[in-house]
Amino acid sequence: MAELKFFTERLKLRLVKMADLEAVHVLHQMAETDQYNTLGIPRDLEETNIIVDGWIHDHLKKTIRNYTFAVELEKGGFIGLVSLKLSSEKFNSAEIWYKINVERWNQGFATEAIRAVIRFGFDRLKLHRIEAGCAVENLASIRVLEKAGMTREGTKRQILPLKTGWMDSFEYAILDEEFIS
């Protein structure tokens with residue numbers, strides 16, 4: 001596949017590469033980014049390597065169904081990840097998830113990155129619907145998803161197996177006709 005990348009006002013998003021391994025590992029080691037994440041902190045660099053290798057393998061398929069983007073500052077520097085996982089073709093939808101370095105929280109980068117991936121999903125992939133889930137106690141992510149234009153549609157009860165126990169998840173979505181570039 002040709003290199004896939006796009007830019008926002010302050011960010012560059014591109015498909016994850018093996019060169020990102022160390023930065024992804026550092027991101028996954030942060031307790032703050034792990035608090036509401038079901039992946040868990042990888043035991044070591046090799047475990048992170050297996051995760052990143054899976055993402056890269058997904059990008060090499062003839063038809064990509066799982067896009068994982070490295071989020072970088074426009075002038076360089078890895079700050080996080082955002083992913084778009086497509087559903088079956090019949091539903092023409094996808095789920096988005098993201099993880100941003102705690103040092104870059106509360107600066108609008110997560111919202112900016114998510115909006116860029118939503119735009120990619122609607123404009124380039126011609127999706128009808130994009131969804132996201134968010135732990136009900138994750139107030140920062142709730143704000144991010146709502147600022148990105150997503151609508152809360154409901155709650156899944158005790159769906160997230162977190163370190164603190166089972167937690168409910170708010171379900172968000174945006175439709176192609178609702179998205180304003």
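User: Which residue does the side chain of Arg129 join in a polar contact of 2.7 Å?
Analyst: In this predicted model, the side chain of Arg129 makes that polar contact, 2.7 Å, with the side chain of Glu131.

User: Where does Arg129 lie, and what else is it in contact with, leaving aside neighbours within four places in sequence?
Analyst: Arg129 lies in strand 6, and once those neighbours are left aside its contacts are Asn92, Ser93, Ala94, Phe122, Glu153, Ala173, Ile174 and Leu175. As for Thr151, which is 22 residues from Arg129 along the chain, the two C-alpha atoms are separated by 11 Å.

User: Switching to helix 5, which of its residues are buried?
Analyst: Helix 5 covers residues 139-147, and its buried residues are Ser141, Ile142, Val144 and Leu145. Seen down the axis of the helix, these fall within an arc of 165°, so they line one face. On the other side of helix 5, Leu139 and Lys147 are exposed.

User: Why would residues three or four places apart point the same way?
Analyst: An α-helix has 3.6 residues a turn, so residues with that spacing point the same way.

User: What do the buried residues of helix 5 pack against, and what follows the helix?
Analyst: They pack against strand 5 (93-100), helix 4 (109-124), strand 6 (129-135), strand 7 (151-162) and strand 8 (165-175). Helix 5 is followed by Gly149, whose phi is positive, near 100°.

User: Which residues touch the most other members of the largest nonpolar core?
Analyst: That core has 39 residues, and those touching the most other members are Leu13, Phe69, Leu84, Ile96 and Ile118. Its largest share, 9 residues, comes from helix 4. Apart from this core lies another, of 12 residues, among them Val24, Ile56, Phe78 and Leu81.

User: What is Leu13 in contact with, again leaving aside neighbours within four places?
Analyst: Its contacts include Phe69, Ala70, Val71 and Val82, and also Ala113, Ala116 and Val117.

User: Last one: is Glu72 buried or exposed?
Analyst: Glu72, which lies in strand 3 (residues 66-73), counts as buried because its relative accessibility is 13%, and the cut-off for buried is under 20%. Its side chain is joined to that of Arg14 by a polar contact of 2.8 Å. Leaving aside neighbours within four places in sequence, Glu72 is in contact with residues including Arg10, Leu11, Lys12 and Phe78.

Notes. Residues are numbered from 1 along each chain as its sequence is written. This is a predicted model: local features need pLDDT of at least 70, side-chain atom pairs count only at pLDDT 80 or more; totals for chains, interfaces and linings use all residues. Side-chain values use heavy atoms; hydrogens and water are left out. Helices (H or I, at least four residues) and strands (E, at least two) are DSSP runs, numbered from the N terminus. Buried means under 20% relative accessible area, exposed over 50%, partly exposed in between (1.4 Å probe, protein chains only). A polar contact is a pair of N or O atoms within 3.5 Å; within protein, one must be able to donate a hydrogen and the other to accept it, and residues adjacent in sequence count only if both atoms are side-chain atoms. Contact means heavy atoms within 4.5 Å. The arc is that of the directions from the helix axis to the C-beta atoms. A nonpolar core is a set of buried Ala, Val, Leu, Ile, Met, Phe, Trp, Tyr and Cys residues joined through side-chain atoms within 4.5 Å.
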